[in-house]
Amino acid sequence: LPTHAGSSLEPEECSMEPLAVPEEEEMPLSVAPGPVGCQLFGYVGIEAVLDQMKIKTMKTGFEFNIMVVGQSGLGKSTMVNTLFKSKVSRKSSQPGQEERIPKTVQLQSITHVIEEKGVKMKLTVTDTPGFGDQINNENCWDPIIKYINEQYERYLREEILITRKRKIPDTRVHGCVYFVPPTGHWLRPLDLEFMRRLSKIVNVVPVIAKADTLTLEERAEFKQRIQEDLKTHAISVYPQEDFDQDPEDRVLNDRIREKIPFAVVGADQEHQVNGKRVLGRKTKWGIIEVENLAHCEFPLLQDLLIRSHLQDLKDITHNVHYESYRVQRLNESNQP
């Protein structure tokens with residue numbers, strides 16, 4: 001009897017559901033979900049996925065690779081140390097020693113593991129000593145292009161293996177910060193040619209180095225001239241307009257594009273200002289606070305590279321620059 005009762009109740013309950021919801025009303029909910037179709041009548045726990053992703057990221061950590069390019073003496077190492085508030089980039093020479101300019105561009109990579117609030121980041125900083133330091137700087141960008149493509153090739157070889165690693169080591173350059181000398185005039189042919197070539201294979205973020213050597217009027221005029229140069233020569237620096245995914249991203253990135261190139265000042269020493277310890281450069285007339293927007297645009301660069309667009313830099317590197325390299329290489333290998 002209990003078995004018979006249970007079997008007679010179950011079909012009854014199943015047969016009631018189609019009668020309660022007519023066939024005409026089911027179509028809009030399944031075909032075109034709207035506000036009514038998305039309503040939940042209780043807590044499901046979908047938001048817990050974010051916690052799962054956060055826990056997994058905190059356990060495994062993530063990788064971020066940045067390259068700094070510019071002439072000697074523009075403060076590249078100091079700027080990287082200021083960005084990450086640690087000694088992640090060591091200077092090429094010790095104080096008191098004569099700095100020797102290399103005859104060719106040499107690439108030096110330093111890797112550190114940085115941890116903040118339980119989140120680990122494997123940071124690789126690639127410096128390019130010797131770039132733009134010669135009298136004849138013809139093709140001085142070739143070693144840099146070769147290095148970037150080598151990292152794409154290394155990732156591609158790991159990816160096409162039959163037995164792949166669970167997590168492929170990512171050494172691809174996610175962002176290249178290009179330091180423009182604070183001349184106050186126009187971009188040099190070297191700057192234009194470098195950004196024209198490199199912007200096609202990597203995310204290039206131009207900055208005006210040592211902006212404290214320019215007055216506010218000179219800085220604004222120099223920035224406007226650089227923007228005109230980039231537009232005239234059709235050079236697309238990061239964030240690129242073509243890769244804006246939705247209107248909100250476009251509005252945010254338009255504000256950033258108006259400010260590029262950022263006029264930055266780097267400093268890795270703290271000073272006392274109004275009872276607070278701040279990063280800055282001490283001069284005879286006062287202290288230039290690095291993290292004060294009234295003094296320089298370093299906070300905008302830090303927000304772009306770390307706080308707001310770090311994941312986007314990695315996504316564009318993987319989905320756009322690496323993808324175009326992968327397609328090109330596979331097409332070459334398939335040709336007879």
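The following legends describe close-up views of a predicted model.

**View 1. The open six-stranded sheet.** The strand order is β2-β3-β1-β4-β5-β6, and the pairing is mixed. Strands β2 (108–116) and β6 (262–263) form the edges, each pairing on one side only. Strands of a sheet pair through backbone hydrogen bonds, either parallel or antiparallel.

**View 2. The pairing of β5 with β6.** Strand β5 covers residues 204–208 and runs parallel to β6, to which two bridges join it. Within β6, Phe262 is the bridge partner of Val207. Strand β6 is an edge strand of the sheet.

**View 3. Helices lying across the sheet.** Helix α7, residues 216–232, lies across β4 (175–180), β5 and β6. The angle between α7 and β5 is about 150 degrees. Helix α10, residues 310–334, lies across β1 (62–69) and β3 (119–127). The angle between α10 and β1 is about 85 degrees.

View 4. Helix α6 spans residues 189–198. Its buried residues are Leu190, Asp191, Leu192, Phe194, Met195 and Leu198. An α-helix has 3.6 residues a turn, so residues three or four places apart point the same way. The cover over the buried residues of α6 includes the strands β1, β4 and β5. Helices α5 (142–159) and α7 also contribute to this cover.

View 5. Pro239 belongs to the loop between α7 and α8 (247–259). Another cis bond joins Ile260 to Pro261, again with omega at about 0 degrees. Pro261 sits in the loop between α8 and β6. Most residues other than glycine have a negative phi, and most peptide bonds are trans.

**View 6. Lys210, a non-glycine residue with positive phi.** The phi angle of Lys210 is near 45 degrees. Lys210 is part of the loop between β5 and α7. The relative accessible area of Lys210 is 36%, so the residue counts as partly exposed.

**View 7. Ala234, a non-glycine residue with positive phi.** The phi angle of Ala234 is near 55 degrees. Ala234 is located in the loop between α7 and α8, the loop that also holds Pro239. With a relative accessible area of 69%, Ala234 is exposed, because the cut-off for an exposed residue is over 50%.

Key. Residues numbered from 1 in each chain as written. Predicted model: local features only at pLDDT ≥ 70, side-chain atom pairs only at ≥ 80, totals over all residues. Heavy atoms only, no water. Pairing = 2+ DSSP bridges. Helix = DSSP H or I, 4+ residues; strand = E, 2+ residues; numbered from the N terminus. Contact = heavy atoms within 4.5 Å. Axes fitted to C-alpha atoms, helices over the stretch in contact; angles between N-to-C directions. Buried < 20%, exposed > 50% of the residue type's maximum accessible area, 1.4 Å probe, protein only.
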